[in-house]
Structure formats: C-alpha cells, structure tokens
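Thanks for asking me to look this one over. Here are my notes, point by point, to read with the structure open.

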Amino acid sequence: MPLEGSYAVWNNRGGSGKTNLTYHLAIKYAYRNPDKTVLVVDMCPQADLSHAFLGDDEDGHDYVSQIGSLKKDPMILDGQQRIPRTISGYLDIYTSVGLPNNVDPRTFLFNVSKFNNQLPRNVYLLCGDQSLELLSKAMDLKRSSNTITPYANPWRTITQSLRAFVHKIGERRGIKLMTFIDTNSSFSICTEIALTAADRLILPVSEDHLHRNGFEYLFSLLYGFSQPSSIYYYYRHYSFYYRADENGVKLPKIHLILCKVSSNNPEMKIGIGGNTPAATEIEKCWRFVYDIYTKHRDAFEMHTIPSSPIPSSNERSTSMTPRLSSISMTPTFHHQQRYSASTPVTPATISHFHNHITHTNHSNEQYQAQTFEDFMQQYVMLIGNESNVVSRIAIKSHSPLLAVKHPHPSHEYQSCAQTFDKTLNDIVERI
C-alpha cells in the first residue's frame with residue numbers, strides 16, 4: 001500500500017517544541033483519521049516522546065528505561081539473542097547484519113492505547129532509547145567503512161535504515177500509514193537518519209528567538225543553502241547534503257513552518273536570546289526565508305489547492321471575510337487591508353492559508369507561491385504561546401489534551417486547551 005505521508009518535526013535549536021508538537025499532532029491526526037495507522041518514531045536520545053506515551057510500569061518505574069534495559073518485553077532472536085524493542089534495538093541489528101527475514105518489523109512497535117486507554121487505538125510507537133547517543137557513534141563508524149557491514153553502499157543503506165523500516169510497515173496489505181518522527185536538535189547521524197525517513201518537514205520556530213542566522217544555519221546543514229562563508233565550500237565533501245546527493249539519498253521537503261508568537265510574559269524571556277526581535281527584524285527574517293524559497297523551490301513541498309483561478313493578494317484581501325485566528329485569538333486579516341510594496345508585512349498581519357481544500361468539490365492542483373504574501377500564507381502558521389503550559393501538563397500527565405473530554409477547574413486552562421485543540425485541527429487540515 002502506498003504511504004499516506006511521513007513527517008519529521010525538526011529544528012536545530014533545542015527547546016523549540018518538537019516533542020510536544022509530535023505528541024499532540026500524532027494523537028489529533030489519529031482521532032480524526034481512525035481508518036489510518038499512525039506510526040510515531042522517537043529518534044531523540046532523551047526519549048521524552050516515548051515517556052509521554054508509555055508512562056510508568058505497574059511498579060511506578062519508568063517504562064522506557066525498563067524496555068531499553070531488556071527488563072521488559074525483549075525480543076528473542078534465534079531462540080537466544082535478546083534485543084530491546086526500541087529504535088536502538090532495530091538500528092543496531094539492521095546496521096550490523098540486516099533485519100532477518102523471519103523478523104516482522106511490527107514486533108518492534110507498541111500500541112500506545114494498551115498503556116493508556118485515553119489514547120487512540122490506531123497509534124503505534126517505535127520506542128526511543130537513551131542508548132541511541134552511544135549507538136550513533138558505532139553507526140557512524142559502520143557507515144564510513146566497507147569492511148564491517150554486509151552492505152555494498154553502507155553510507156546509503158545505514159542513512160536510509162529508518163526509511164526502510166517505515167516502508168516495510170507501509171507495505172502491509174490494507175494499511176494506510178501516516179508517520180510522524182520526533183528528532184534531536186543536534187545534527188548527528190541519528191538526526192540524519194530521521195530526516196531521510198520522512199518525505200516532508202515541519203519546522204517549529206519561535207518569534208522570541210527568530211533570527212536570520214538561525215535559518216541560515218538550518219538551511220546550510222540540511223540543504224547546503226546560504227553558506228555563511230566561502231570556506232565551507234572546501235569542506236563540502238564532509239557535509240551531509242553533499243554525501244546525500246552523492247549517494248542518491250532523498251531529503252525531505254519543507255511542508256510547514258510553525259511559528260510560536262512572541263510571549264507577553266517578561267519572565268519567560270530571561271536569559272540569552274530572551275529579547276524578542278522588533279517587528280521589522282522579524283519581517284526581514286521572513287523575507288530572507290522567502291528569498292531562499294524563490295531560489296530553491298525544490299526544497300519546499302508544493303501545496304495542493306483548488307484548480308479554480310488563484311486570486312491575487314489584493315483580491316483576496318477584499319474578498320475574504322475577516323476572521324479570528326483560532327491560534328492567536330486576534331484578528332489576523334482585515335478586508336480593508338491591501339498588500340503592496342509600500343505596506344510592511346509581518347506574520348501578525350497575515351492570515352493563515354485556509355482554502356478549505358478538504359471541503360471543496362473542485363479538482364485540486366499543485367500551486368507555487370508567487371509573492372511573499374502567498375508564501376507566508378502557504379508555508380507559515382502562527383501559534384499562540386497560551387498553549388505551552390496546558391500542552392506540557394498533558395504530556396506530563398500522559399493524557400491527550402482536550403478540555404472537553406478532560407475538564408479542569410481552571411477556566412483559563414480550559415480556554416487555552418480549546419485554543420490549542422483548534423490549532424492542532426488547523427495543522428492536521430494542512431497535512
């Protein structure tokens with residue numbers, strides 16, 4: 001069966017909300033698509049995503065650690081070899097001798113509803129493992145050698161080891177597979193394996209830390225764009241993007257950039273990088289991203305829209321009705337506004353790209369953004385800060401965040417939870 005889609009959630013900056021987003025997005029997608037199998041892969045050595053899904057065992061011990069140390073649910077190979085049912089267990093055996101023909105990759109997965117009955121039954125987890133950091137050093141050695149692996153092209157095969165796993169699961173008859181992959185912020189071999197397993201990329205960023213240099217570094221790491229100095233050209237043979245192109249390894253395309261709007265709480269801005277950039281600086285940053293888009297459109301996923309003629313930005317501004325953003329809870333588009341070269345455009349003044357694709361009877365076609373405004377509407381989505389606290393509470397309590405199903409005595413909590421739920425719905429509609 002063809003895969004429904006595969007998304008990696010990544011940013012090379014820590015604390016950008018990758019795990020938080022992956023957890024809730026996978027749950028929301030599963031609830032809205034009960035006919036599909038949702039595979040969640042924890043490729044972060046901290047294994048926080050797995051902790052959120054599995055919680056503690058019956059004795060109050062951390063279940064992820066129990067699985068990783070073979071105290072719980074080990075896999076038995078050839079009647080004697082015991083390996084953990086984790087991402088490390090799979091990668092260790094796959095990169096050493098290959099996955100034996102008599103081993104079904106599904107045996108590595110955990111149905112998360114068996115650990116938490118509040119979670120949907122169609123979500124399966126490839127559990128994280130804190131030994132992944134150590135394993136990465138061994139995989140790097142194997143990938144650069146032709147003598148300690150059975151593969152003719154170890155760099156290509158090991159880099160695509162997780163992609164092979166995902167496709168093997170998707171080949172099962174009757175399965176409609178959607179995959180979400182949580183990643184580590186450091187650009188290690190584990191991150192490279194995670195990114196090449198996905199077809200599309202979701203980038204969570206924050207206005208509080210938005211800077212051109214951050215995007216420059218991100219694009220240069222993954223795609224080799226916007227190198228900060230010509231000296232990098234001389235080291236390109238060691239870079240991931242160069243080796244990927246050399247070995248025919250496919251890189252994911254940017255599907256959506258989720259930007260958390262600036263916090264109004266000064267206490268949350270204490271420390272390095274805590275000063276929120278001015279609106280003009282934020283716009284310059286997005287202009288830089290748009291410039292990258294115009295030069296390297298192949299790195300961005302082409303979005304599907306109705307085949308009816310696409311109105312210009314000015315036409316949209318007069319024809320669309322004003323609406324309240326379900327994310328920021330503030331008006332993000334006004335029918336009086338007309339975009340022009342003389343009108344500064346910031347993310348706060350741009351509406352989300354809601355063409356209600358799934359609710360139209362028209363045939364769909366792919367469309368490339370022609371203007372900065374079109375680009376912002378298609379690829380950038382603003383997320384309010386009010387969702388941070390409640391979403392983290394939901395992860396720590398190992399429960400999906402939906403205020404309607406899980407009442408909370410605080411009215412503020414319920415309001416924020418409902419806002420975040422609308423945010424997740426908006427994201428799922430664009431997947």
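1. Let's begin with helix 9 and its surroundings. After helix 9 comes Gly-224, which has a positive phi near 80°. Please keep in mind throughout that this is a predicted model.

2. The loop leading from strand 8 to helix 9 deserves a look too, as Glu-207 is found there. Is Glu-207 buried or exposed? With a relative accessible area of 9%, Glu-207 is buried, since the cut-off for that is under 20%. Along the chain, Glu-207 and Leu-382 are 175 residues apart, yet 9.5 Å separates their C-alpha atoms.

3. A word on the chain as a whole. The protein chain has 15 helices and 14 strands. It holds 431 residues, and 54% of them count as buried. Taking the contacts in the chain with a separation of 6 or more, 75% are between residues 24 or more positions apart.

4. Now for helix packing. Two packed helices are described by the angle between their axes and the distance between the axes. For helix 4 (residues 87-96) and helix 5 (residues 132-143), the angle is about 15° and the axes are 10 Å apart. Angles under 35 degrees count as roughly parallel, so helix 4 and helix 5 are roughly parallel to each other. Their crossing is left-handed. On the helix 4 side, the contact is made by Ile-87, Ser-88, Leu-91, Asp-92, Thr-95 and Ser-96, while helix 5 contributes Leu-132, Leu-135, Met-139 and Lys-142. Sorted by class, this contact has five nonpolar, three polar and two charged residues.

5. Helix 5 also meets helix 8 (residues 189-196). How do helix 5 and helix 8 cross? Their axes come within 8 Å, at roughly 80°. That angle falls in the 65 to 115 range, and helix 5 and helix 8 are therefore roughly perpendicular to each other. Helix 5 takes part through Leu-132, Ser-136, Met-139, Asp-140 and Arg-143, and helix 8 through Ile-189, Cys-190, Glu-192 and Ile-193. The classes here are five nonpolar, one polar and three charged.

6. Next, the loop that runs from helix 4 to strand 5 (109-111), where Val-97 lies. Val-97 is exposed, at a relative accessible area of 61%. Which residues does Val-97 touch, leaving aside its neighbours within four places in sequence? Those in contact with it are Pro-150 and Tyr-151. The C-alpha atoms of Val-97 and Pro-150 are separated by 6.3 Å, although the two residues are 53 apart along the chain.

7. Two backbone angles are worth checking by eye. Ala-47 has a positive phi near 60° while being a residue other than glycine. Ala-47 sits in the loop between strand 2 (37-42) and helix 2 (48-54), and its relative accessible area of 0% makes it buried. Leu-70 is not a glycine either, and its phi is positive at about 70°. The loop between helix 3 (63-68) and strand 3 (75-77) is where you will find Leu-70. At 22% relative accessibility, Leu-70 counts as partly exposed.

8. How many of the eight residues of helix 13 (residues 372-379) are buried? Eight of the eight are, so helix 13 is largely enclosed by the rest of the structure. Its buried residues are Phe-372, Glu-373, Asp-374, Phe-375, Met-376, Gln-377, Gln-378 and Tyr-379. Charged residues are among them: Glu-373 and Asp-374.

9. Finally, a side-chain pair to inspect. Asp-421 is part of helix 15 (residues 411-429). At 18% relative accessibility, Asp-421 counts as buried, because the cut-off is under 20%. The side chains of Asp-421 and Lys-28 are joined by a polar contact of 2.6 Å.

Terms used
Residues numbered from 1 in each chain as written. Heavy atoms only, no water. Axes fitted to C-alpha atoms, helices over the stretch in contact; angles between N-to-C directions. Helix = DSSP H or I, 4+ residues; strand = E, 2+ residues; numbered from the N terminus. Parallel < 35°, antiparallel > 145°, perpendicular 65-115°, else oblique. Left-handed = near helix turned anticlockwise from the far one by under 90°. Contact = heavy atoms within 4.5 Å. Buried < 20%, exposed > 50% of the residue type's maximum accessible area, 1.4 Å probe, protein only. Polar contact = N/O pair within 3.5 Å; in protein donor to acceptor, adjacent residues only side chain to side chain.
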